[in-house]
Amino acid sequence: MKTSNILQILVLACILFTACTDNFDEINSNPNAPEGVSANLLTSTVTSEITRTLTQEGYSDGNSITQLMAKNNFPGFAQFDWGDQGMWNFFYGILPEIDDILQISRNEETQNSTYEGIALTLRALCFANLTDLYGNVPYSEALAGDTENIFTPVYDSQEMIYNGVLQDLADADAALAVNQSITGTTGDVIYNGNPTQWRKLANSLRLRYLLRISKQRDVSQEMQAVVSTGNYIQTNADNATLTYSGTSNTDSWPESTGRIGGFDEKSLCDTALEYFNTFNDPRLDIWFDRNSEGNWVGMPIGLNQDNARAFDDANSPSRLDVELFYNSATQAEAYIIKNSEVQFILAEASERGIITGDAAAYYNAGVRASLSYWGVADTVIDSYLAQPAVAYNGSLELLLTQKTIALWNVDYQGWMNYRRTGLPALEPGPDTLNGALYPVRFLYPSSEQTLNTANYQAAVSAMGGDTINVKGWWETGTRY
């Protein structure tokens, strides 16, 4: 058994033990002491686990909440029947591994600035996801179990967490700029330890998160500084992706290892079909199959179980492409961020006057990057961009609709954009369990209410409640 698989099992065992004992002590404890495990083995685990998990979340639920995909069976998520969502335990389970890499990279005997930059980038990514999904979360004391015996950590404000995330990414950029090589096997499944590529990733995430808080804060100077350096993802060759080898279930596209019945539960959403028809979009035929009658049929979002099954039986909505997303273990990739998203970030920032630049040029580059990634020929892309419905006209709705489509499978990033901008407009389905409201966060895990009661209650009070409708700090700004 490969060492990386052993480490993955250890991480999973730690998380399962946490779930069974409901003990925050174990979440905050570091099961792998830095002196006992090498940085490359830990890096193999964290780069693989984070990339695969984020993409699987996007495929399963992120595409549903942005109404690119609908489910004809077990559709409760799109009805907003939300209880404990699993990302809390995942991120707090993987963060101690990242902290180990950081400590190893700073130890005198094992010092390496590239590993330091990798660890800082991944730490920022995890905490940004946590606060984006939940709001106020443990941050300053989250990893203090071993060092300070703090096992009931305080929840910090989203603004404070974002300050830390952005500082980590700035520090990562500085560490990676040293351009120190890694001797031997790097363990990095994304860029194989290439500091130049990791620097582009760190700065691309800075652009993502700076734009995210731009309703609250003037981020012009910081975003422009990143753009001016050019050290960010600018081509599809720079994409932060993981290509599956297909040699085992762990190293295969997850859907390819499951049952066909589970795969068939996912269909084209009628909201997405409207986008695709409006744009005459070739991604429709790449991501989905026509139904048995040769038609494209979309399924309404947010139907309950009975109505979803009835609609499916009566209308045979289009399923996901079986060759790409089920029969192949290696064609579909996992990813953290791609060039298309970065280009759309710059397009919006340009359109809003946050940075200088040509919004249309960035928009066209974003569309081109997405279509090219999915194998669309350049000549077809040229014709696509020339269509009146696609040609950029300064419309933020057009820009953000194209961005949402390009964020297919990219965890919950499309939902984050909707929460910040309200675009493209999304409406709850007919069988919603949340009234007329579209949710904006996940609920805190129920275990926090009993094991970290005082800090949980303080967080709920500061947030204004623990419901799926409580907006976070960056959503409530008034700059635009």
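Phe-80 is buried, with a relative accessible area of 6%; buried means under 20%, exposed over 50% and partly exposed in between, using a 1.4 Å probe and protein chains only. Phe-80 sits in the loop between strand E1 (69-71) and H4, and its phi is positive, about 70°, although it is not a glycine. This is a predicted model, in which local features need pLDDT of at least 70 and side-chain atom pairs count only at pLDDT 80 or more, while totals for chains, interfaces and linings use all residues. Residues are numbered from 1 along each chain as its sequence is written, and side-chain values use heavy atoms, with hydrogens and water left out.

**Helix pair H4 and H5**

- Two packed helices are described by the angle between their axes and the distance between the axes.
- Helix H4 (residues 87-106) packs with helix H5 (residues 113-134) at an angle of about 160°, and their axes are 9 Å apart. The axes are lines fitted to C-alpha atoms, for helices over the stretch in contact, and angles run from 0 to 180 degrees between N-to-C directions.
- That angle makes H4 roughly antiparallel to H5 (under 35 degrees counts as roughly parallel, over 145 as roughly antiparallel, 65 to 115 as roughly perpendicular and the rest as oblique).
- H4 and H5 have a left-handed crossing; left-handed means that the near helix is turned anticlockwise from the far one by less than a right angle, and right-handed that it is turned clockwise.
- Among the residues making the contact are Trp-88, Phe-91 and Leu-95 of H4 and Ala-119, Leu-122 and Phe-127 of H5. Contact here means heavy atoms within 4.5 Å.
- By class, the contact of H4 with H5 has 18 nonpolar, two polar and four charged residues. Ala, Val, Leu, Ile, Met, Phe, Trp, Tyr, Cys and Pro count as nonpolar, Asp, Glu, Lys and Arg as charged, and the others, Gly among them, as polar.
- The helix and strand labels come from DSSP runs (H or I of at least four residues for helices, E of at least two for strands), numbered from the N terminus.

**Helix pair H7 and H8**

- Helix H7 (residues 158-177) and helix H8 (residues 195-212) have axes that come within 9 Å and cross at roughly 155°.
- H7 and H8 are therefore roughly antiparallel to each other, and H7 passes H8 in a left-handed crossing.
- The residues in contact include Tyr-162, Leu-166 and Asp-173 of H7, together with Trp-198, Arg-199 and Tyr-209 of H8.
- By class, there are 14 nonpolar, one polar and four charged residues in the contact of H7 with H8.

**The loop between H18 and H19**

- Val-410 lies in the loop between helix H18 (396-406) and H19, and Val-410 is buried, with a relative accessible area of 2%.
- Leaving aside neighbours within four places in sequence, Val-410 touches Arg-208, Tyr-335, Ile-336, Lys-338 and Glu-341.
- Asp-411 is in the loop between H18 and H19 and is buried, with a relative accessible area of 3%.
- Asp-411 has a phi near 35°, a positive value in a residue other than glycine.

- Arg-420 belongs to helix H19 (residues 413-421) and is buried, with a relative accessible area of 3%.
- The side chains of Arg-420 and Tyr-480 are joined by a polar contact of 2.6 Å. A polar contact is a pair of N or O atoms within 3.5 Å; within protein, one must be able to donate a hydrogen and the other to accept it, and residues adjacent in sequence count only if both atoms are side-chain atoms.
- The peptide bond from Leu-423 to Pro-424 is cis, with omega near -15°, and Pro-424 is in the loop between H19 and helix H20 (446-451).
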